[in-house]
Amino acid sequence: MEKPGTDSLGGALVENGFAPNLGLLDINNSLAVPHGFDLPEPWNLPSRMFRHPIESCPPGNGQPRKIGLRHPLLADHPYVRHVEALLGFEIDRNGAPNRFCYSSGPTARWWHAVDLITARKWKDLLATREFTERECIMRAVAFGCRYSHHEDRKAAGYISIAEAREVMRAVGAREPGERSAIIRSFSAPSLCRQEKGAEHWPINEGRQRAEDVAWGMILGIEDGWFRYDRSGFLQWSERGRERHAAGDSATYIQASGQAAFTF
């Protein structure tokens with residue numbers, strides 16, 4: 001049993017070069033793969049889970065410091081094996097939850113999905129889907145449809161609609177039969193006026209299921225409910241705002257005053 005006030009594990013982590021000091025270790029709450037450390041596929045993917053595979057819980061309330069994996073399958077990660085070899089013990093496969101039973105493992109599963117979507121490596125995401133969850137993948141699809149890389153001149157999302165559909169099929173997400181109903185279930189369009197008077201119509205999906213949000217983004221783009229602004233952020237289009245206001249009606253009135261069908 002470790003004496004109160006001592007931190008032998010923290011000292012060992014610093015001594016072996018896994019953290020520069022205890023202060024930064026407690027700020028970062030993780031061990032990062034150092035630059036230059038050779039990682040073969042798939043561990044070299046741009047995933048924060050793969051770059052920071054080990055979480056650290058600082059000592060407190062009479063409990064010693066703990067370290068654990070952010071996912072059990074990270075046991076095969078080359079850096080994890082390297083750390084275990086130098087420390088001389090097996091790192092807990094179930095993470096290092098704090099005294100409130102919180103572990104960063106679930107967050108890391110989201111990181112893995114969204115990092116690979118925004119890196120335009122959706123095929124690698126599907127190949128390593130065992131490190132994340134179905135819901136995380138679908139929310140990452142929605143994120144990739146909603147935002148664009150700042151250097152993307154097309155400003156049309158991190159993932160194309162064709163790619164988004166392929167990912168949704170791969171995770172067994174069934175396309176809804178009624179295309180407009182799922183989009184109309186989003187919060188009503190509300191104007192957000194930005195600096196210099198610029199108008200923006202943000203898309204707020206509320207507390208929808210991940211599958212519904214992803215399909216809503218895909219169908220909304222395909223059917224013209226949403227459009228990208230100059231910065232590559234998805235927002236309600238004028239047509240989408242009119243159709244949302246029409247509700248279940250078979251027709252709606254365009255801004256020009258002309259009647260139009262909702263399909």
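Visitor: Are Phe 18 and Tyr 79 buried or exposed?
Guide: Happy to start there, with the reminder that this is a predicted model. Tyr 79 has a relative accessibility of 2%, and buried means under 20%. Phe 18 falls in that class along with Tyr 79, so the word for both is buried.

Visitor: What is the geometry of the ring pair Phe 18 and Tyr 79?
Guide: The ring centres lie 6.2 Å apart, and the planes stand at 90°. Planes over 60 degrees apart fall in one class, so this pair is edge-to-face.

Visitor: How many residues apart in sequence are the parts that this pair of Phe 18 and Tyr 79 ties together?
Guide: Phe 18 sits in the loop between α1 (8-15) and α2 (22-28). Tyr 79 belongs to helix α4 (residues 78-87), so the separation of these parts in sequence is 61 residues.

Visitor: Which aromatic pair does Phe 37 form with Tyr 79, stacked or edge-to-face?
Guide: Phe 37 is in the loop between β1 (30-31) and α3 (48-51), 42 residues from Tyr 79 in helix α4. The ring centres are 5.3 Å apart, with 85° between the planes. That makes the pair edge-to-face.

Visitor: Is Phe 37 buried or partly exposed?
Guide: Buried would need a relative accessible area under 20%. Phe 37 has 25%, so the class is partly exposed.

Visitor: How many aromatic pairs does the structure hold?
Guide: Ring pairs also link Trp 110, Phe 143, Tyr 147 and Phe 233 into a cluster. For the structure, the number of aromatic pairs is eleven.

Visitor: Which residue lies over the face of Trp 201?
Guide: Here a charge meets a ring, with 6 Å from the ring centre as the distance limit. The distance in this case is 4.1 Å, and the residue is Arg 241.

Visitor: How do the axes of α7 and α8 run, roughly parallel or roughly antiparallel?
Guide: Helix α7 (residues 134-146) and helix α8 (residues 161-170) have axes that come within 10 Å and cross at roughly 175°. Angles over 145 degrees form one class, and therefore the two helices are roughly antiparallel.

Visitor: Which class of residues makes the contact of α7 with α8, nonpolar, polar or charged?
Guide: From α7 come Ile 137, Met 138, Val 141 and Cys 145, and from α8 come Ile 161, Ala 164, Val 167 and Met 168. With no polar and no charged residues, the contact has eight that are nonpolar.

Visitor: How far apart are the C-alpha atoms of Phe 50 and Trp 111?
Guide: Phe 50 is in helix α3 and counts as buried at 0% relative accessibility. Its contacts include Trp 43, His 112 and Phe 131. Trp 111 is 61 residues away along the chain from Phe 50, and their C-alpha separation is 9.6 Å.

Technical notes. Residues are numbered from 1 along each chain as its sequence is written. This is a predicted model: local features need pLDDT of at least 70, side-chain atom pairs count only at pLDDT 80 or more; totals for chains, interfaces and linings use all residues. Side-chain values use heavy atoms; hydrogens and water are left out. Axes are lines fitted to C-alpha atoms, for helices over the stretch in contact, and angles run from 0 to 180 degrees between N-to-C directions. Helices (H or I, at least four residues) and strands (E, at least two) are DSSP runs, numbered from the N terminus. Angles under 35 degrees count as roughly parallel, over 145 as roughly antiparallel, 65 to 115 as roughly perpendicular and the rest as oblique. Contact means heavy atoms within 4.5 Å. Ala, Val, Leu, Ile, Met, Phe, Trp, Tyr, Cys and Pro count as nonpolar, Asp, Glu, Lys and Arg as charged, and the others, Gly among them, as polar. Rings of Phe, Tyr and Trp (its six-membered ring) pair if their centres lie within 6.5 Å; planes under 30 degrees apart count as stacked, over 60 as edge-to-face and the rest as tilted. Buried means under 20% relative accessible area, exposed over 50%, partly exposed in between (1.4 Å probe, protein chains only). A charge sits over a ring if NZ of Lys or CZ of Arg is within 6 Å of the ring centre and within 35 degrees of the ring normal. Lists of a residue's contacts leave out its neighbours within four places in sequence.
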